[in-house]
Amino acid sequence: MNQELLQHQPRQLWQHFENLNAVPRPSKHESQVIEFMKQFGIGLGLKTIVDAVGNVIIRKPATPGMENRVGVVLQGHLDMVHQKNANTSFDFSSQGIQSWIDQGWLKAKGTTLGADNGVGVASIMAVLAATDIKHGPLEGLFTIDEETGMTGAFKLQPGQLQGQILLNTDTEDEGELCIGCAGGIDTNVELKYDQINPRPGLAGKISVTGLRGGHSGCEIHLGRGNANKIMNRLLWSFAEQELQIAMIDGGSLRNAIPRESFAIVVIDTHREPAFRQQLQILTETIRAELAATEPDLKIQWEPGAMPPQVMDQQSQQNLLNAIYAAPNGVLRMSDQVAGLVETSTSLARVHVEHGKALVQFLTRSSVETAKQDLANMISATFELAGAAVVHAGAYPGWKPNADSKILALMQQIYQDIFGHGPKVNAVHAGLECGIIGSHYAGMDMISFGPTIKNPHSPDEKCEIASVEKYWRFLLATLERVPVSK
């Protein structure tokens with residue numbers, strides 16, 4: 001428990017955040033946090049429902065005099081991205097996140113912090129537990145598996161929620177109201193290859209480390225390096241030296257920009273001097289290209305034991321060519337919203353071992369046809385290489401509603417509290433609002449939250465002062481929700 005954090009306001013929110021962060025909650029493995037949230041609601045004496053997929057709904061009656069207000073659903077997701085630095089020893093299945101404060105920012109020690117979406121979830125918990133906050137009828141909706149498929153939102157059944165307004169707590173810039181988001185689709189590539197005995201030579205490991213990574217939606221436009229693309233560039237460049245690949249392991253999560261990649265290879269012994277020289281030149285070239293965005297990039301070579309088998313040369317060439325040709329990053333900016341990415345893709349994962357190469361992309365777009373077109377482009381690239389390609393996990397975007405009544409109200413409330421209006425924007429990340437809206441037509445939705453930087457990476461941090469502002473704004477919004485007609 002971070003005692004220093006508990007000295008900051010709002011104390012009740014931070015207490016719930018620390019309690020939540022003590023519970024392991026990776027996507028697809030949320031049984032512990034589902035039980036935690038269930039017992040939280042029951043302990044408050046509130047109506048608590050766990051649906052068939054694991055979403056938790058906690059209902060709280062209106063405070064006296066507020067019974068006639070429009071019902072509000074406060075929504076956040078229970079799972080978090082589990083990622084750590086390679087040199088950090090940490091067991092996400094049993095250890096709680098260890099937070100610390102650095103010059104006004106809350107961080108974690110070598111791991112993701114869980115502020116995405118833990119701070120939002122903690123704020124909902126604080127509202128549900130409070131006895132001194134004015135509000136109308138409330139429902140806390142805690143969804144599961146948002147980070148790896150939005151399963152909870154997809155499986156949410158019509159008729160489970162009673163509220164007409166949904167406040168999603170999963171955006172990451174305080175002072176911004178989000179009214180739309182991109183849709184997404186996963187592209188999964190599988191290329192089977194023959195394993196052959198390596199030719200005599202020198203074996204070793206190439207490492208690409210030190211990249212910043214981050215959220216492949218929110219931060220895809222920042223020009224950060226992709227470890228999978230960098231590694232492939234290196235391996236492709238050594239093809240003329242008859243390099244043999246035994247293993248590649250790059251990236252870890254479908255929705256995070258890859259920060260690290262490792263490859264075990266075999267080179268001809270007599271070509272080692274040329275290999276080392278070329279690796280040095282490529283390292284200096286890539287570091288120069290990414291000097292502003294990736295100052296800590298490291299590319300290293302370390303001799304090692306000879307692997308028992310390597311890829312057959314034709315499959316290796318096909319794979320390296322396909323990854324080299326595959327798109328990555330921002331493809332198009334929005335014509336409708338200045339500065340907003342319309343369409344992008346992230347080469348999230350590359351794993352080559354034991355006769356099978358797996359490659360994964362997450363493609364996002366606020367234009368449904370552009371999303372599918374880009375996914376088809378990736379398919380065509382890898383099918384030319386002889387790979388099998390499957391698209392999965394598609395989810396819709398959230399179309400902005402400029403006539404939203406809750407938007408107009410929250411703009412006025414923010415102006416009244418802070419003396420200036422909030423920004424109104426859409427995001428390139430995926431939010432559950434579009435999916436929930438497909439189950440509850442006509443629900444008025446806004447997404448907002450405190451300032452969180454570098455989510456989905458061990459550099460994740462949350463600005464403590466922004467959480468207090470977010471909390472004040474949330475409470476004022478609940479108090480001023482309109483009367484139901």
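Colleague: How do H2 and H3 lie relative to each other?

Modeller: They are roughly parallel to each other, where that label means an angle under 35 degrees, over 145 counts as roughly antiparallel, 65 to 115 as roughly perpendicular and the rest as oblique. This is a predicted model, so local features need pLDDT of at least 70 and side-chain atom pairs count only at pLDDT 80 or more, while totals for chains, interfaces and linings use all residues. Residues are numbered from 1 along each chain as its sequence is written, and side-chain values use heavy atoms, with hydrogens and water left out.

Colleague: Thanks! What is the angle between H2 and H3, and how far apart are their axes?

Modeller: Helix H2 (residues 31-43) packs on helix H3 (residues 115-129) at about 20°, and the axes are 11 Å apart. Axes are lines fitted to C-alpha atoms, for helices over the stretch in contact, and angles run from 0 to 180 degrees between N-to-C directions. Helices (H or I, at least four residues) and strands (E, at least two) are DSSP runs, numbered from the N terminus.

Colleague: Which residues meet there?

Modeller: From H2 you have Phe36, Met37 and Phe40, and they meet Val121, Met125, Leu128 and Ala129 in H3. Contact means heavy atoms within 4.5 Å.

Colleague: Then which residues have a positive phi although they are not glycine?

Modeller: Lys28 is one of them, at about 75°, in the loop between H1 and H2. His354 is another, with phi about 55°, in the loop between strand E17 (341-353) and strand E18 (356-365).

Colleague: Is His354 buried or exposed?

Modeller: His354 counts as exposed because its relative accessibility is 63%. Buried means under 20% relative accessible area, exposed over 50%, and partly exposed in between (1.4 Å probe, protein chains only).

Colleague: Back to helices: how do H5 and H7 pack?

Modeller: Helix H5 (residues 227-237) and helix H7 (residues 313-325) pack at about 135°, with axes 9 Å apart. That makes H5 oblique to H7. The H5 side of the contact includes Leu235 and Trp236, and the H7 side includes Leu319 and Tyr324.

Colleague: How many residues of H5 are buried?

Modeller: 8 of its 11 residues are buried, so H5 is mostly covered. Among them are Ile230, Met231 and Leu234.

Colleague: New topic. In what order do the strands of the open sheet run?

Modeller: The 4 strands are ordered E4-E5-E23-E22, with antiparallel pairing. E4 (99-102) and E22 (452-453) are the edge strands, each pairing on one side only. Two strands pair if DSSP finds at least two bridges between them.

Colleague: How many bridges join each pair of strands?

Modeller: E4 and E5 (residues 105-108) pair over 4 bridges, E5 and E23 are joined by 3, and E22 and E23 (residues 461-463) by 2. Leu106 of E5 is the bridge partner of Ile101, and Cys462 in E23 is the bridge partner of Leu106. In E23, Cys462 is also the bridge partner of Ile452. The hairpin of E4 and E5 has 2 residues between the strands, and Gln103 takes a positive phi near 50° there.

Colleague: Last one: where is Thr171, and what does its side chain have polar contacts with?

Modeller: Thr171 is in the loop between strand E7 (165-168) and strand E8 (176-181), and it is buried, with a relative accessible area of 7%. Its side chain makes a polar contact of 3.5 Å with the side chain of Ser447, and a polar atom of that Thr171 side chain lies 3.2 Å from the backbone nitrogen of Phe448. A polar contact is a pair of N or O atoms within 3.5 Å; within protein, one must be able to donate a hydrogen and the other to accept it, and residues adjacent in sequence count only if both atoms are side-chain atoms.
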